[in-house]
Amino acid sequence: MTMSSKRALVTGAASGMGRATAELFAAEGTRVVLVDIDGGAVERVSQALRGSSAEAVAVACDVASSADVKRAIDTAVDSFGGLDVVVNCAGVIRRASVVETTEQEWDRVMAVNIGSVFLTGKHAVPVMAAGGGGSIVNISSGWGLKGGPDASSYCASKGAVVNLTRAMAIDHGPQGIRVNCICPGDTDTPMLRSEARQLGRDEAAFLAESADRPLNRLGTGEDIARAVRYFASDDSAWVTGSVLVVDGGGLA
């Protein structure tokens with residue numbers, strides 16, 4: 001699964017699955033633009049990658065802003081001459097029912113989780129098409145395929161990611177652009193730990209409960225990054241519109 005000739009943009013790259021994906025890509029010689037709303041954190045990750053002789057550029061970006069997303073795509077073109085891979089890892093969660101969720105919280109979850117997929121597609125597809133094609137990998141969730149408690153906005157947004165993936169695959173396949181989706185189960189990331197705090201739960205107990213699945217552990221960022229690499233690489237050259245569950249058997 002060679003990635004050494006690719007040019008990639010990864011959102012949510014300052015931590016969690018996004019960081020693990022950027023690190024895996026960089027280790028394999030991919031030139032990477034790292035995007036995150038936390039400019040300081042994403043610059044530190046970028047500096048660490050450059051210290052390992054990787055070609056990495058950091059962009060502070062609110063993925064819910066069309067202007068910010070366009071600037072990130074333009075940075076990829078200016079830095080590396082084009083764009084072959086986009087990975088949409090940026091996400092937020094609000095653990096609450098529809099009654100408890102404020103309209104502002106609903107709007108923000110939707111803007112980040114599904115709006116960003118729309119915006120990266122809007123600005124990246126023309127660039128990728130001009131370069132002969134590419135691969136877009138969207139990160140949804142197991143809760144994009146089934147419901148979950150006290151997570152109404154998150155479940156709705158992640159379900160939308162799954163079906164937007166399919167629609168984009170149909171629209172842009174003729175341009176040589178493949179669009180696929182990964183649905184992770186509970187993965188040990190800062191966002192998962194934030195859920196414990198939102199629910200008023202003991203973190204250790206919450207994580208142990210989340211690991212209760214056939215493979216008897218939480219996922220890691222690297223578990224998800226390896227799946228992303230498959231969709232990003234030419235090994236999946238005839239795969240588009242697919243949804244891959246990576247969850248240790250949680251939905252089995």
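Student: In which helix is the place of M191?

Tutor: The model discussed here is a predicted one. In it, M191 falls within the helix that spans residues 190–198. That helix is α6.

Student: Is M191 buried, partly exposed or exposed?

Tutor: Buried residues have under 20% relative accessible area and exposed ones over 50%, with partly exposed in between. M191 has a relative accessibility of 27%, so the residue counts as partly exposed.

Student: Where is S153 found, and is S153 buried or exposed?

Tutor: S153 belongs to helix α5. Beyond four places in sequence, S153 has contacts with R94, W106, V109 and M110. The relative accessible area of S153 is 0%, and therefore S153 is buried.

Student: Which element supplies the largest share of the largest nonpolar core?

Tutor: The largest nonpolar core has 31 residues, and L9, V33, V35, C61, L83, V86 and I136 have the most contacts inside it. At least two residues of this core come from each of β2 (31–36), α3 (66–80), α4 (103–130), α5 (152–172) and β6 (177–184). The largest share, eight residues, is supplied by α4.

Student: How many residues has the other core, the one that lies apart from the largest?

Tutor: V35, one of the residues with the most contacts inside the largest core, touches residues including L9, V10, A13 and C61. Apart from that core lies another, with V10, A13, I139 and F231 among its members. The number of residues in this other core is 29.

Student: In which strand is the place of C183, and what is its relative accessible area?

Tutor: C183 touches S140, S141, G142 and L145, among others, not counting residues up to four places away in sequence. Further partners of C183 include V162 and V243. C183 lies in strand β6, and this residue is buried because its relative accessible area is 0%.

Student: How far apart in space are C183 and T220?

Tutor: In sequence, C183 and T220 are 37 residues apart. Taken from C-alpha to C-alpha, their separation in space is 13 Å.

Student: What is the phi of S53, and what is the phi of D150?

Tutor: S53 is found in the loop between α2 (39–51) and β3 (56–60), and S53 is exposed, with a relative accessible area of 69%. D150 is placed in the loop between β5 (134–139) and α5, and D150 is partly exposed at 37%. Neither residue is a glycine. The phi of S53 is near 70°, and that of D150 is about 50°.

Student: What radius of gyration does the protein have?

Tutor: The protein comes to eight helices and seven strands, and 51% of its 252 residues count as buried. Of the contacts with a separation of 6 or more, 71% are between residues 24 or more positions apart. A compact globule of 252 residues would have a radius of gyration near 18 Å, which agrees with the value for the protein, 17 Å.

Methods. Residues are numbered from 1 along each chain as its sequence is written. This is a predicted model: local features need pLDDT of at least 70, side-chain atom pairs count only at pLDDT 80 or more; totals for chains, interfaces and linings use all residues. Side-chain values use heavy atoms; hydrogens and water are left out. Helices (H or I, at least four residues) and strands (E, at least two) are DSSP runs, numbered from the N terminus. The radius of gyration is taken over C-alpha atoms; the globule rule is 2.2 Å times the number of residues to the power 0.38. Buried means under 20% relative accessible area, exposed over 50%, partly exposed in between (1.4 Å probe, protein chains only). Contact means heavy atoms within 4.5 Å. A nonpolar core is a set of buried Ala, Val, Leu, Ile, Met, Phe, Trp, Tyr and Cys residues joined through side-chain atoms within 4.5 Å.
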